[in-house]
Amino acid sequence: MRFGLDYAAGRPAASAIRTAGYDFVIRYLSDGGPTLPGKLLTPAEADDLRAQDISIVSTWETTATRMLDGFGAGVTDAHAALAQVLRCGGRTDRPIYFAADFDATAPQQTAIDAYLNGAATVLGAANVGIYGGYWPVSRALDGGTATWAWQTIAWSGGNLDPRIAVLQTGAQVTVDGVTCDVNQTDRTDFGQWDAEAEEPDLTPEQDQILRDIQTQLRGPGLTGWPQLGTDAQGQNRTLVDAVAAALTELDELRTEVSDLEATTAELSQEVDRLSGPTWPFPFSLIEGPASAFAERLARLEQLVGSVPLPGWGIGPNGHTAKAAQSGQSPE
């Protein structure tokens with residue numbers, strides 16, 4: 001939690017503010033005239049605050065009900081406020097809180113919103129803030145006429161909008177002889193000038209390239225490409241979905257090819273078998289039995305070779321009869 005002050009009756013020294021335990025101030029960019037000579041933030045005061053590491057937040061108020069003057073008043077005040085910011089060393093990308101310093105009713109919101117819209121034409125809607133009670137602050141945030149909100153506990157009925165950046169607590173302290181209102185915030189960025197400026201992550205050219213890539217991947221309007229077919233839900237496929245579907249179909253095709261290769265191999269073996277020597281019809285009808293007979297006959301010849309033939313008995317002289325007739329000697 002950070003604690004800060006806003007003041008209009010004088011300009012307390014920055015060192016005194018720091019010593020009192022506060023590290024930010026919300027300062028007016030408008031002149032308070034002779035009754036409030038210390039209301040306007042000056043370049044010297046801004047330098048003093050920065051030297052003490054006290055953050056500066058901008059606010060604008062001429063009269064309590066100035067916002068009821070509508071659009072044109074918002075334009076005029078925004079121009080004057082921005083000029084004073086730059087004169088004091090501030091930045092164009094920081095919000096300015098415009099004050100509705102009264103108990104604004106719902107019917108008055110139309111004029112308040114018009115005033116804020118006028119300010120947005122000068123500052124940009126992102127840099128328009130509102131100060132006020134719970135109801136005008138909440139209505140402006142709801143309607144988008146303010147992006148930043150500084151709520152006062154006054155005219156709030158105990159309500160607190162969770163979207164506010166700063167809360168004026170209702171407490172007061174005297175610092176360096178000046179009566180100041182106490183504020184608090186739990187935000188890292190609550191509109192202070194010294195908040196770190198965020199560098200864009202991408203150049204406009206890089207951002208456009210990424211958008212083009214996204215369109216190529218997701219299709220026009222990020223709803224898929226009609227050319228890539230539809231999924232099971234009837235939605236056009238994105239490039240990634242189409243690749244996934246194609247891979248699934250390839251796996252199925254590989255399985256079918258493998259089955260076809262196996263069938264082809266079996267057919268090839270059968271063709272080789274049928275391509276051997278065959279007999280012409282009608283002898284081919286007995287090719288199978290003839291082959292079997294030939295195989296058995298060959299086996300029988302092998303067996304007969306080891307059996308003595310008839311008439312090869314042993315004679316009285318110890319020689320076989322056949323051997324004697326043939327003049328051959330037995331082995």
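Helices (H or I, at least four residues) and strands (E, at least two) are DSSP runs, numbered from the N terminus.

**Figure 1. Overview of the predicted chain.** This is a predicted model, in which local features need pLDDT of at least 70 and side-chain atom pairs count only at pLDDT 80 or more, while totals for chains, interfaces and linings use all residues. Residues are numbered from 1 along each chain as its sequence is written, and side-chain values use heavy atoms, with hydrogens and water left out. The chain contains 9 helices and 10 strands. Of its 331 residues, 33% count as buried (under 20% relative accessible area, 1.4 Å probe, protein chains only).

**Figure 2. The largest nonpolar core.** A nonpolar core is a set of buried Ala, Val, Leu, Ile, Met, Phe, Trp, Tyr and Cys residues joined through side-chain atoms within 4.5 Å. The largest one has 45 residues, of which I17, L49, F98, L116 and I130 touch the most other members. Helix 4 (residues 109–123) supplies the largest share of this core, 6 residues. In soluble globular proteins, nonpolar side chains tend to be buried together.

**Figure 3. The surroundings of F98.** Contact means heavy atoms within 4.5 Å. Leaving aside residues up to four places away in sequence, F98 touches W60, M67, D77, A78, Y115, L116, A119, L123, G129, I130 and Y131.

Technical notes. Buried means under 20% relative accessible area, exposed over 50%, partly exposed in between (1.4 Å probe, protein chains only).
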